[in-house]
Every structure is written in C-alpha cells, then in structure tokens.
Amino acid sequence: MPFARLTAATTPTAHIGLGLAAVGRPGYINLGRDQDLPADRTPEALLARTHELLDAAYAQGVRYFDVARSYGRAEAFLAEWLNARPAVQDVVIGSKWGYTYTADWRTDAEVHEVKDHSVATFDRQRTETGMLLGERLDLYQIHSLTADSPALTDTELHARLAALAAEGVTIGFSTSGPAQADTVRAALGVEVGGEPLFRAVQSTYNLLDPSVGEALAEANEAGLSVIVKEAVANGRLAGSAAPAPLRDIAEETSTTPDAVALAAILRRPWATVVLSGAATAVQLSANLHAAVADLGDEQLERLAGLREEPAAYWQQRAKLPWH
C-alpha cells in the first residue's frame, strides 16, 4: 500500500494532504474563493498558484496530493510539478475518475461536471490520467460513489479495476451525500476473485456532518486507508463563517477555526489522511497548525454540538454557488 510511505514519514503534517479541487479550475463552491484567487484566472495563473501551494505543502511536510479528472487541469498542474522535481519520490498521489469536466474554463457555465461511472468512461479517463501522471499514480478512485451507482454491481468494471490493481495501483472510491455510510458499507462487500476490490475510501466528514464516521472506522478495521475530504465544509468552518463555538475554541488554543476543525478529525484513529483544500499559502499554513493543536475533552464535547442532520447539511451544500 502506498500509504505506508506516510507511516514512515517523520513530519507531524504527513497525515494532512493537499487537495487541488479549488485551484485546478477557475470555478468552485468554496466560500470566499472569489477573494482567494486572482481576478485573472487564466490557466497560467492557476498553474502558478498550484505550484506555489505544492511547494509550500511539501516544504512543510505534506506528503499526500489529491486530484481528479474533473478538477479542470489539476492533474496536469500536478504532473508538471512532479516532472520538474524528480527527486520528490516520497509523496503519495491520488486521482479520481467518473466525472468529466465540462465548464471549458468558465465560471458561469451551466454545468461544471458530468457524472458517469461506465466502463467506457473509466477506459477513457484512465488513459487520460495515465498520459499525465504515468507511474506516479498510486491511488485511483471512483469519484462520488453512491449506494445506487452501477459501479457497485458492474462486474466488467470490477475486472478492469482489478487489472489496474494488479499493476500496483491502489483502487478506491470517494463518497458524497447524506447516505455515505450506506455507500461505504456496500463497497466493502465488493470482491473480485474472492478478494476485496477497494483498499481506500475518501469521504466527506467534518464537525457539521460526521455521520459517516462509524462506517469509516469499519472500513479502516477492514484494512482500507481512509481519506477525509471537506474537513472545513467548503469554508463553513473557517474564518468569520465558522460557528461561534469553533471560533471560541480557536481563540482558546491560539489557532484558527480551520485548524481546530482539522485537528478534531486528526484525533480519529481511523483517519489515514485529512485533506486541506487551501487556495492560498496562508490558508495552507493555518490548516497545517492542526497537526499540533491540542484539544481537550471538554472542547471536543463542545465541538460535537455543531453536528447537523445529514440531509440538512447536504441541502445547504447544494445551495453553495460556483464562484
């Protein structure tokens, strides 16, 4: 498993990853993103910002980088960074397939990405990813798997994924929506040749919606690496948007709300990697303070009170505009 590289790392931030969803394309749903990125969001400008973030993350001990076919040019930006730094061999690279980016580098596109978990899409996107990341790809995930996805029962697709696993690429899936726990448990039962197909899972888990937590613990117990995404809830748990209890605890611990939100998740014994979705170097530095933030039991109890009903959380997320 490539995640063994993280276990061998000595930096306290090795289990915080950097996701490039917010900087690989000009439009995304994170709060405050209109101020985070330059007004002129050309591919060249976002390439420069991505490389700035990757340099800062690596220098501060981050060793997992996460992209997807639908994150605009994120795979290409990451590939350029890796190719320019051949000595960087201790990182773990994950990507995802199943969504096609359709916004054509516009922020006002009616549809930004289209979901399709068919064999044809896998074949096409696996080739596209391979052309960019080549042998640097460690983890390939089905993007936003749901309990009703045909990818859970498509044996031809399973055979394709198993063949990729035989080449040394770890096969995983990501989840979204209020029924993530059902999806995780359904995926744990998928086997090829009597062996589990999936060896990694990436789910949305944060102080507002921790409902998938028990299922992720079960996945980790079954031997899967667990990646947590949207730990600051697309900006709802950061800065002035953060709820008052979170801001209070950040002040008590001399950190920031986003660092507290990530720190609470890093305490989970099943969390292999917790992703930062930072769009600026300042945000990244604040996120990385999570690795040393000291939270007491009473503070964690107060944070648990921020929990929302999953349906309400995902309804609110669906309303976030593409900036």
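At what angle do helix 5 (residues 119-133) and helix 6 (residues 155-166) pack, and how far apart are their axes?

1. The two helices pack at an angle of about 25 degrees, with axes 9 Å apart; axes are lines fitted to C-alpha atoms over the stretch in contact, and angles run from 0 to 180 degrees between N-to-C directions. Helix 5 is therefore roughly parallel to helix 6, a label for angles under 35 degrees. Helices are DSSP runs (H or I, at least four residues), numbered from the N terminus.

2. This is a predicted model, in which local features need pLDDT of at least 70 and side-chain atom pairs count only at pLDDT 80 or more, while totals for chains, interfaces and linings use all residues. Residues are numbered from 1 along each chain as its sequence is written, and side-chain values use heavy atoms, with hydrogens and water left out.

3. Helix 3 (residues 43-59) and helix 4 (residues 74-83) pack at about 55 degrees, their axes 10 Å apart. Contact (heavy atoms within 4.5 Å) involves residues including Leu 54 of helix 3 and Leu 78 of helix 4.

4. The largest nonpolar core has 94 residues, and Leu 78 is among those with the most contacts inside it. Such a core is a set of buried (under 20% relative accessible area, 1.4 Å probe, protein chains only) Ala, Val, Leu, Ile, Met, Phe, Trp, Tyr and Cys residues joined through side-chain atoms within 4.5 Å. Beyond four places in sequence, Leu 78 is in contact with residues including Leu 20, Phe 65 and Leu 133.

Notes. Buried < 20%, exposed > 50% of the residue type's maximum accessible area, 1.4 Å probe, protein only. Parallel < 35°, antiparallel > 145°, perpendicular 65-115°, else oblique.
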